[in-house]
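Subject: Structure handover

Hello,

Here is the structure we talked about. Please load it first, then read the notes below.

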Amino acid sequence: RPAIAIDTDNVLSTIQDKIVLVSGAAGSIGSELVRQIQKFKPRITILVEQAESPLHDLTLDLHNEFPDSHFVPLIADVRNRKRVETIFSEYKPDIVYHAAAYKHVPLMESHPNEAIQANVTGTRNMADMAVKYKAERFIMISTDKAVNPTNIMGASKRIAEIYVQSLFKKLQQDNPNCTKFITTRFGNVLGSNGSVIPYFKKQIAAGGPVTVTHPDIIRYFMTIPEACCLVMEASALGDGGEIFVFDMGHPVKILNLAKNMIRLAGYIPGEDMQIVFTGLRPGEKLFEELLNKKEITLPTSNKKILIAKVREYDYEQVQQNITELVHLAESNKPFLVVKKMKEIVPEFKSKNSIYEELDI
């Protein structure tokens, strides 16, 4: 598909001279967001990150690339509510891009308690402080895996989506000028940390074999700069409460991707270098969906960005459910955690997972 372009004027009016906070700032998406934000002349960019070395490296790079920009690197974990409040009370950000999350499907399938603490508690802490300290906009980075989730990671992100949407709906009833909560969903990002292309490159460099989970598995792909461009435009387009879905083009067959990369390295697939099928990993499905079956989409001024119409939830009920869920996660009761997740997200059906028995 053609490369994606955005309306930069729209974004400029949203970001220029504002205090912008990016959580997960040293991650694949977070670090590119930080770089792209600099084009629009924010007053300060606050880099919130819990991984010390990546934040240190990013800060050095940013000072070289953008010597005239003002960066504030902060070591912080979004799961720590008091720490998050300290940051918001001191810097009072106008715009928040919340990219901090655990994202690896098989790892989260083994660690549901951690998935809830990072992806649900972390989002709730950030969202609540954005409201308390009167941020103008809060943009949550979500995933296509939140649609009809088959794994812990996707379901945890869906619960985070539900929280910010129900919170916005409640706030808006009392104050039309409240913090605008906007969610963006997209598929796999080419070259992101731990993604398939760097993994295949490493396997090819080692002489193979190249491992593919299933011959029919397909994924939607987008480059990191494209994904961040769309996140930024969606953040400017949003009036609050929307889930923006990106046009990811056509899905790519992972087997074809592996064969093409082997050929590009100068080998013949199946002769010079073998491809081995390893089976679907826990929580993995053959194809990702960008929309829930019960959802429809509305167009926006950018034909690459659509608005998903989703079910609305009552904030008080959501708050109660999430409080129970977090308590179970803190008590280290993974089966009860997953059972509660399935209550909150009824379309969550586990695949290739020990939690499938909860669906019977």
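Start at one end of the sheet: β14 and strand β15 (residues 305-309) run antiparallel and are joined by 4 bridges. Two strands count as paired if DSSP finds at least two bridges between them. Threonine 297 has alanine 308 of β15 as its bridge partner.

Some ground rules. This is a predicted model, with local features requiring pLDDT of at least 70 and side-chain atom pairs pLDDT 80 or more, while totals for chains, interfaces and linings use all residues. Numbering starts from 1 along each chain as its sequence is written, and side-chain values use heavy atoms, leaving out hydrogens and water. Helices (H or I, at least four residues) and strands (E, at least two) are DSSP runs, numbered from the N terminus.

The sheet as a whole. It is open, has 9 strands and mixed pairing, and its order is β3-β2-β1-β4-β5-β6-β11-β15-β14. β3 (71-75) and β14 (296-299) are the edge strands, each pairing on one side only. On average, neighbouring strands are turned by 25 degrees against each other, direction ignored. Axes here are lines fitted to C-alpha atoms, for helices over the stretch in contact, and angles run from 0 to 180 degrees between N-to-C directions.

Next, β1. 5 of its 5 residues are buried, meaning under 20% relative accessible area with a 1.4 Å probe, protein chains only. Ile19, Leu21 and Ser23 lie on one side, Val20 and Val22 on the other. In a regular strand, side chains alternate between the two faces of the sheet. β1 runs parallel to strand β2 (residues 44-49), with 5 bridges. Isoleucine 19 pairs with isoleucine 44 there. The chain gets from β1 to β2 through helix α2 (residues 28-37), in a right-handed β-α-β crossover. Right-handed means that, with the strands pointing away from the viewer, the path from the first strand over the helix to the second runs clockwise. β1 also runs parallel to β4, with 4 bridges. Valine 22 stands opposite tyrosine 97 in β4.

Last, the helices. The axes of α4 (residues 81-91) and α6 (residues 112-132) come within 9 Å and cross at roughly 35 degrees. Their contact (heavy atoms within 4.5 Å) includes Arg81 and Phe88 of α4 and Arg124 and Met129 of α6.

Best wishes

Technical notes: Buried means under 20% relative accessible area, exposed over 50%, partly exposed in between (1.4 Å probe, protein chains only).
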